[in-house]
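Please consider the structure shown below, and keep it in view while reading the explanation that follows.

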Amino acid sequence: MKTKIWSGLLVFVLFGCADESAVSVGPPSRIVLVTLDTLRADHMSAYGHPIQTTPFIDSLAENGALFRRAFSHSATTKPSHVSIFTSLYVMQHGVEQNGVVLDRSFRTLAEMLSGQGFRTAAFVSIDVPLGGNLDQGFETWDQFQPPPSQRHLGLYRPARETVDAARTWLETVDSSEKIFLWLHVYDPHRPMSPPREHLDRINRMIDEIGPEEYSALLEERGIPSKPEIQAEIVEYDAEILYVDTEIELLFRDMQEAGLGEDAIWIITGDHGQGLGAHEWFGHSKQIYNAQLHVPLMIWRSGNQQPVEVNEIVEHVDLLPTIADLTGATLAQIMPIQGRSLVPYLDGGHRPDPKQYAFAERSRYAEATERQRKRGNYEPGSRYALQDSRFKYQLFTEGEDEFYDLEVDPYEMNNLIDAREFADDREPMLEVLLDLIQTLPRGPEAQAVSPEEVERLRALGYIQ
């Protein structure tokens, strides 16, 4: 049984780039990738959140493909984005933390599309966490640059400014040109300061539901009933609503500029947020699904068929999906890990759907006393493998964890010692160990500069 499971995964890991798509779609001329920092799936209304945080994105999903079981490979900003742009797992591309740099030998999504004749532009709301050679292949790279005197303040560019920069760039685009536009917005990430109008709208929606009912909903997700936590979650929802309105501005601008034809929009989160579950509000430290389950929707112009996909998909699937749509070559320095999602876009299925989603959190360096007091340090590394029902978390230091997601989606009942699940646990552990040991690795990532380390510290990424 164990050998059979691993053999199937080996085909997925080494040859997942092969695709026999039966769906016939015209190649897009405009590709827009939007990554919303720190957005967990269950705080989007399209994923069942009773607060309407994403009315515009929902409207796109109603005429596109909504992937209900999409997962990130890391709960940290840069590792997650690098996996999107390379279709490689974190241990392969080596960018395991924000404070390291992707080796230039890796080929990125932007480089692939540039080779296809696309004008490529990125508009990023922070600097250091998404710098470090992610600019490879971008003709235009527009990132937030705080004044030197304010680099210690943890500032970022609000969504309106990032979107406005992208809208200005669109004025230079001719309707005959092919473009790839990446928009990154940071606002749901701490520190949060949502506009008052969006905060008021969220509070009105909570009043309509009933504050007690809203608190009960959060408790079902493992979030404690503490006023200070719930007040911050209200801000979190308001930031999501704010970002949704700004994305709509960009979409409308492209339509009015005649850039809406032959277009594809991909919207996802880089990772989620704990919001107080498992005694942790943030991300990075943990790899529960509060931090790994991300929204993913794909909209294509002219498509009127809403599609919901319940099979497991991963961030690494985005690059081969775009390659499939554009006819690009998937040349890489090692076999990519993703599979094209094109068969799903018109309601079809892959003949070989993924059986697992894989994620990791790299080993932390020795903690400082300040880190220990803040609680954002845990020794060792963590690896997670999940299928359609179960999830195994392997800890290099500390006790492993095992969850039945079918009855316990928020991972509150650890079944690592439950005898009745031994036949489910052991095969997953063997697959996970083999995967960790046999994945091909690329060149070792290098550290960022001392100046960039200070910027990461200001943003809260390094203590």
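**A guided reading of the model**

By class, 6 nonpolar, 4 polar and 7 charged residues make up the lining of the second largest pocket. In this count Ala, Val, Leu, Ile, Met, Phe, Trp, Tyr, Cys and Pro are nonpolar, Asp, Glu, Lys and Arg are charged, and the others, Gly among them, are polar. The volume of this pocket is about 360 Å³, a volume being the space filled by probe spheres set on grid points that are joined across faces, edges and corners. Among its 17 lining residues, Phe71, Asn289, His293, Leu405 and Pro409 are the closest to its centre. A pocket is an open set of points on a 1 Å grid over the protein atoms alone, where a 1.4 Å probe fits, with protein on both sides within 12 Å along at least five of seven lines; lining residues have an atom within 4 Å of a point.

The model is predicted: local features need pLDDT of at least 70, side-chain atom pairs count only at pLDDT 80 or more, and totals for chains, interfaces and linings use all residues. Residues are numbered from 1 along each chain as its sequence is written, and side-chain values use heavy atoms, with hydrogens and water left out.

Consider next an open sheet, in which 4 strands follow the order 13-14-15-16 with antiparallel pairing. Strands (E, at least two residues) and helices (H or I, at least four) are DSSP runs numbered from the N terminus, and two strands pair if DSSP finds at least two bridges between them. Strand 13 (357-361) and strand 16 (401-404) stand at the edges with a single partner strand each, so one side of each has no neighbour in the sheet. From one strand to the next, the twist averages 10°. Strand 15 (residues 390-395) pairs with strand 16 over 4 bridges in the antiparallel sense, and tyrosine 392 stands opposite phenylalanine 402 in strand 16.

Two residues in the loop between strand 8 and helix 10 may now be examined, leucine 275 and glutamate 279. Phi is positive in both residues, near 55° in leucine 275 and near 60° in glutamate 279. Is each of them buried or exposed? Leucine 275 is buried, with a relative accessible area of 0%, whereas glutamate 279 is exposed, at 78%. Buried means under 20% relative accessible area, exposed over 50%, and partly exposed in between (1.4 Å probe, protein chains only).

Finally, helix 11 (residues 318-326) has 8 of its 9 residues buried. Glycine 327, with a positive phi near 80°, follows helix 11.

Note on methods. Axes fitted to C-alpha atoms, helices over the stretch in contact; angles between N-to-C directions.
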